[in-house]
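Please examine the sequence and the three-dimensional structure shown here. The briefing then presents selected residues, grouped by topic.

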Amino acid sequence: MSDDKIYDVPAEWRQRAWVDDAKYQEMYARSVKDPDGFWAEQAKRIDWIEPFTKVKNTTYDPHNVSIKWFEDGTLNACYNCIDRHLPERADQVAIIWEGDDPKDSKKITYQELHDEVCRMADILRNRNVEKGDRVTIYLPMIPEAVYAMLACARLGAVHSVVFGGFSPESLAGRIEDCQSKVVITADEGVRGGRKVPLKANVDAAIAKVGGVDFVVVVKHTGGAIDMDPVRDVWYHEGAAVVTSECPCEEMNAEDPLFILYTSGSTGKPKGVLHTTGGYLVYASMTHQYVFDYHDGDIYWCTADVGWVTGHSYIVYGPLSNGAITLMFEGVPNYPTNSRFWEVCDKHQVNILYTAPTAIRALMQGGNDPVTKTSRKSLRLLGSVGEPINPEAWEWYYHVVGDDRCPIVDTWWQTETGGILITPLPGATKLKPGSATRPFFGVQPEIVDAEGKVLEGATTGNLCIADSWPGQMRTVYGDHQRFIDTYFKTYPGKYFTGDGCRRDADGYYWITGRVDDVINVAGHRMGTAEVESALVAHTKVSEAAVVGYPHDIKGQGIYAYVTLMAGEKPTEELRKELVAWVRKEIGPIASPDLIQFAPGLPKTRSGKIMRRILRKIAEDDFGNLGDTTTLADPAVVDDLVTNRQNKK
Ligand code: 6R9
């Protein structure tokens, strides 16, 4: 091993885990040598209605990218997450819900989950929602979000969950793109004691795009809202007049399960489409092995169901495995910085899966809020969403985990459906900051700018050589965009958009995005989206947005703004622009710093030179590189002089 800091696999983990190192090596070798045999076996974890005869049928040929797994099999994802467990688990808890207010919590058994999901499905079915229809879900972190997702899966409708922090504008764009005729929402959400006007946002979004036949509204806070007597139905009223039975639709393995919008380096967010069979096999398998899930374990993933982590590791992975999954409505620091650890003690959580941005924020609050809690139930910790810096890793390991719990640093993406690079707790020695080794069936490759595959210890761009069952199948409504985004840069490979280093031990270290996507507090943001929001303001003539290092969020949003002639760069306008972006996209897109720039550095052909803007935002003035191709080199001096200071 190299001289990196290494944490060995504890002996008891080697013994009790599903997979030790020898088993990992053996299974990994088989998974890449004989993918058909390997995945045919793994797919047995799912109940099929009509068994498949074909396993893998995929091509990354950029003229004709086509990805199919288990293509002639049929199944129902909701049946796999609920019904098939009922004979043994009807009275077992499926969901532990912990509210924003520490006084609110409840437990939902598999039987109760079945009944609620059927009621939700019946409400939709009675209003003619059918296989293939798109349903937009805009809910807070309450059990009804899971009911809504699984009700869609039961009927074969395709859900599109939109994070509750997105603005009416963003919601409208997503409703329109997939032509949802139904929206499921709540009166209000609550996070950290603050209300979020979800229903009012839905009303505003529908006023903008139309096309929505009806809205199901969950009564959550009881806050005052407008109800349209024709279009809107209360969930509790609808549920009272239907039964708790609803048949499961037989779906083909390649029928769509859901769409999830995510930011890319260009244009509007893409509707990432996942299908049924491969996704479910992959979510289920990764959940079992990566978190070493055993029957009865209490498992908590702190993500929101509005992100892919919530889809795969709060809902589909755990529930397909008959697990107990904890769902938390609140935030890590409300009412106090001890909240996460109090929730762990209250519900005796064994496995905790969270994001580096939360760990860094809590780390800033010191050790006391952690050490005053017990955390004895914790056995395994997980991290996802962005690279975890070694300092935060060590704190998570020593202070939160009391030197006792392995950390699985899981690298993956909305597009990948499930975890691709990760330690397995009974098999993999850990290095703080490294996502370590590929999961079964995953073949990472590091390529240089020309696409040459680099061997051994090296640094470059991360690609995946061949398909795995959880991979996205297309961009909804735009297959060409799918091909152009992921398979054109390095023909024949899936390009992740991430930079990566592989060390002498074959461990992978993700270094962050190499495209114009920034990762703000674990949320993906396209710089182009923030720019187009800014230039939509009447006083803005031009804008360029880049990321800069931020202590807690990982990256912050730095916006260079050129104003229309005659407009004055005031503090007031700065605030107005921040508020404007929040309104256009949502709070997660708020610029941290805005620099008014009389001009942006451009090439003579008019291209903005982002490389320079990034360096200035990073305070790396000595490294601006070649500026001779600039149309007007003087603009750079002004930018450097007026750089905004970090908060
Ligand atoms: C699951 C999720 C994907 C991007 C990805 C990468 C970053 C996620 C990471 C990580 C380093 C990890 N990322 N996990 N970087 N180490 N363990 O986050 O999906 O929202 O689509 O973001 O997040 O840059 O490309 P998504």
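The structure is a predicted model. Seventeen residues, given as 17, stand around the ligand, and Asp409, Thr410, Thr414, Asp498 and Arg524 come nearest.

**The ligand and its shell**

- A nitrogen atom of the ligand has a polar side-chain atom of Asp409 at 2.7 Å.
- The backbone also takes part: a polar backbone atom of Thr410 is 2.8 Å from a nitrogen atom of the ligand.
- An oxygen atom of the ligand lies 2.8 Å from a polar side-chain atom of Arg524.
- The ligand taken alone exposes 530 Å², and the protein buries 96% of this area.
- Two or more residues of the shell around the ligand come from each of the elements α12 (308–320) and β26 (508–513).
- Sorted by class, the shell consists of 6 nonpolar, 6 polar and 5 charged residues.

**The binding site in the UniProt record**

- An unreviewed UniProt entry gives the feature "binding site" for a set of residues that includes Gly385, Glu386, Asp409, Thr410, Thr414, Asp498, Arg513 and Arg524.
- Also listed under that feature in UniProt are Pro387, Trp411, Trp412 and Gln413.

- Arg524 belongs to strand β28 (residues 523–526).
- Arg524 counts as buried because its relative accessibility is 17%, and the limit for buried is under 20%.
- Setting aside neighbours within four places in sequence, Arg524 is in contact with Thr262, Ser263, Gln413, Thr414, Glu415, Arg513, Val517 and Ile518.
- One of these partners, Thr262, also makes a polar contact through its side chain with the side chain of Arg524, at 3.5 Å.

**Glu386, a residue in a loop**

- Glu386 is located in the loop between β19 (380–383) and α16 (390–400).
- With a relative accessible area of 9%, Glu386 falls under the 20% limit and is therefore buried.
- Apart from neighbours within four places in sequence, the contacts of Glu386 are Pro356, Thr357, Arg360, Asn519, Ala521, Gly522, Lys553 and Gly554.
- A polar atom of the Glu386 side chain lies 3.3 Å from the backbone nitrogen of Thr357.

- UniProt, in an unreviewed entry, lists Lys607 for "modified residue: N6-acetyllysine".
- The position of Lys607 is in the loop between β31 (593–596) and α20 (610–617).
- Lys607 is exposed, because its relative accessible area of 60% is over the 50% limit.
- When residues up to four places away in sequence are not counted, Lys607 touches Pro601 and Lys602.

**Glu98, a buried charged residue**

- Strand β4 (residues 93–98) contains Glu98.
- Is Glu98 buried or exposed? Glu98 is buried, because its relative accessible area is 2% and buried means under 20%.
- The Glu98 side chain makes a polar contact of 2.6 Å with the side chain of Arg339.
- The side chain of His347 likewise makes a polar contact with the side chain of Glu98, at 2.8 Å.
- The contacts of Glu98, leaving aside neighbours within four places in sequence, include Asp104, Ser105, Leu326, Met327, Phe328 and Glu329.
- Arg339, Val343, Lys346 and His347 are also among the contacts of Glu98.

Definitions and conventions: Residues are numbered from 1 along each chain as its sequence is written. This is a predicted model: local features need pLDDT of at least 70, side-chain atom pairs count only at pLDDT 80 or more; totals for chains, interfaces and linings use all residues. Side-chain values use heavy atoms; hydrogens and water are left out. A residue is near a molecule or strand if one of its heavy atoms lies within 4 Å of it. A polar contact is a pair of N or O atoms within 3.5 Å; within protein, one must be able to donate a hydrogen and the other to accept it, and residues adjacent in sequence count only if both atoms are side-chain atoms. Accessible areas come from the Shrake-Rupley method with a 1.4 Å probe; for residues, only the protein chains shown count as cover. Helices (H or I, at least four residues) and strands (E, at least two) are DSSP runs, numbered from the N terminus. Ala, Val, Leu, Ile, Met, Phe, Trp, Tyr, Cys and Pro count as nonpolar, Asp, Glu, Lys and Arg as charged, and the others, Gly among them, as polar. UniProt positions are given in the numbering used here, feature names are shortened, and annotations may be inferred rather than shown by experiment. Buried means under 20% relative accessible area, exposed over 50%, partly exposed in between (1.4 Å probe, protein chains only). Contact means heavy atoms within 4.5 Å.
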